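Dear colleague,

I am passing on the structure below, and I would be glad if you could look it over alongside the notes that follow.

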Amino acid sequence: MNQASRNDDRTSTHADASLQALASLDWPGPERNRRIEEFLMHNQQKATHHRARAGIWLGVAAVLLGGAVYGGVRLYDRYLVKMNVNGKESVHEVEALPDGNALVEVPLEGGGTARILVGPENVGEDGRIRAGIIVQDSGTGEATQTVTIEAIPPGGATPAQQPAKPDDKKDGQPKEPAPN
Amino acid sequence: MSVQASMVGDVFDLTSGDAHDAQLVARASDDPRAFEQIYRRHYRMVAAYLYRRTGDTHAAEDLAAETFPPAMKSVRSMHARGVPARLWLLRTATNAASRWSRTAARRARRETARARPDESRDHRSDRNEELEAVRAAIERLPERFKAVLCLNTLAGLSTSETATALGVREGTVKSRAARAREMIRRSLGQTTGGAR
């Protein structure tokens, strides 16, 4: 091995050792960086504010649209219960319970009473509550009594009578009734 | 909400690695607290890497502060591209350190011209001459070689991780790393040769 080669080898070893020494340096500073912590804190507060503001606007929008009401806010004061018993119509007014729901009692032709609880969870896309029951003859299967319930928001107009179909209560979300 | 956060925190402590980071990154788009977890997991690693690059704790802290906030802002890109947070942070830190070294070099030249050259280095935490010589040699490297050498050697990333962080092929990483080491050797050889 000539002198030049030996010098190259020494340089090589020296450079590698220096790189290794540099790579093995540990962090001697604090475990936290106050500037980043402050940045994160600021962002968290900002996100919270955004969420709160979004929540307020959503709440306002919900009230304006007369939409779903959850969390104890009462939207409907009274309910109009429109009954259709074998083609004979009658309308009854029912006061809403403090939680915004209403328990509607329907006298059945054959005796007894059917009860149906309606509330904000029954709000349809148009902001009105619709629910209904159908009393069927157990022998023939024919509908003997049809009850349609529609909610009237405070100050709202009386909704048109729209009889419910038997499967309107599926999934707890009544579908738009078929036009007459 | 706070109950949920503390529960999540407990779960996080039981897991580790890039897969866990990926979950945090996915959440961090909407929840700054998830990014806080990323910060706490990786701050030391990033700061140590920047310290190796700069030899200065204050500079490393400053550069870390330039690394995490942009990473947080680009967390959606991080999530979309599927690059592990650790690699993303080191890549960002590499860029920040390179910018710093260029500025530091300009500042050093200005201060040298004022005939009081040692004053600019008074705040240095690590004044080991040998390490300073290696750092100087690294900073003289062309950027593409410097990035590979720093991530591969100083940050301790594997060849494939370095390739992922830089968006190049592993073969490119290997050849650039070898070339960078060769340039360092020559640079140090000339430095020591010149000094003797």
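A salt bridge is taken here as a side-chain nitrogen of Lys or Arg within 4 Å of a carboxyl oxygen of Asp or Glu. By that rule B:Arg185 is bridged to A:Asp16, with 3.4 Å between the closest N and O atoms, and the count between chain A and chain B is 6 salt bridges.

Please note that this is a predicted model, in which local features need pLDDT of at least 70 and side-chain atom pairs count only at pLDDT 80 or more, while totals for chains, interfaces and linings use all residues. Residues are numbered from 1 along each chain as its sequence is written, chains are lettered from A in the order in which they are written, and side-chain values use heavy atoms, with hydrogens and water left out.

As to the interface, 28 residues from chain A and 38 residues from chain B take part in the contact (heavy atoms within 4.5 Å). The area buried between chain A and chain B (the accessible area, with a 1.4 Å probe, that the two lose on being put together, summed over both) is about 3200 Å², and carbon and sulfur atoms give 65% of that area. A:Leu19, A:Leu22 and A:Trp27 supply 22% of what chain A buries against chain B, more than any other three residues.

There are 5 aromatic pairs over all chains, where rings of Phe, Tyr and Trp (its six-membered ring) pair if their centres lie within 6.5 Å, and planes under 30 degrees apart count as stacked, over 60 as edge-to-face and the rest as tilted. The rings of A:Trp27 and B:Tyr51 have centres 6.1 Å apart and planes at 75 degrees, so this pair is edge-to-face. Because A:Trp27 lies in the loop between α1 and α2 of chain A and B:Tyr51 in helix α3 of chain B, the pair joins two chains (helices being DSSP runs of H or I, at least four residues, numbered from the N terminus).
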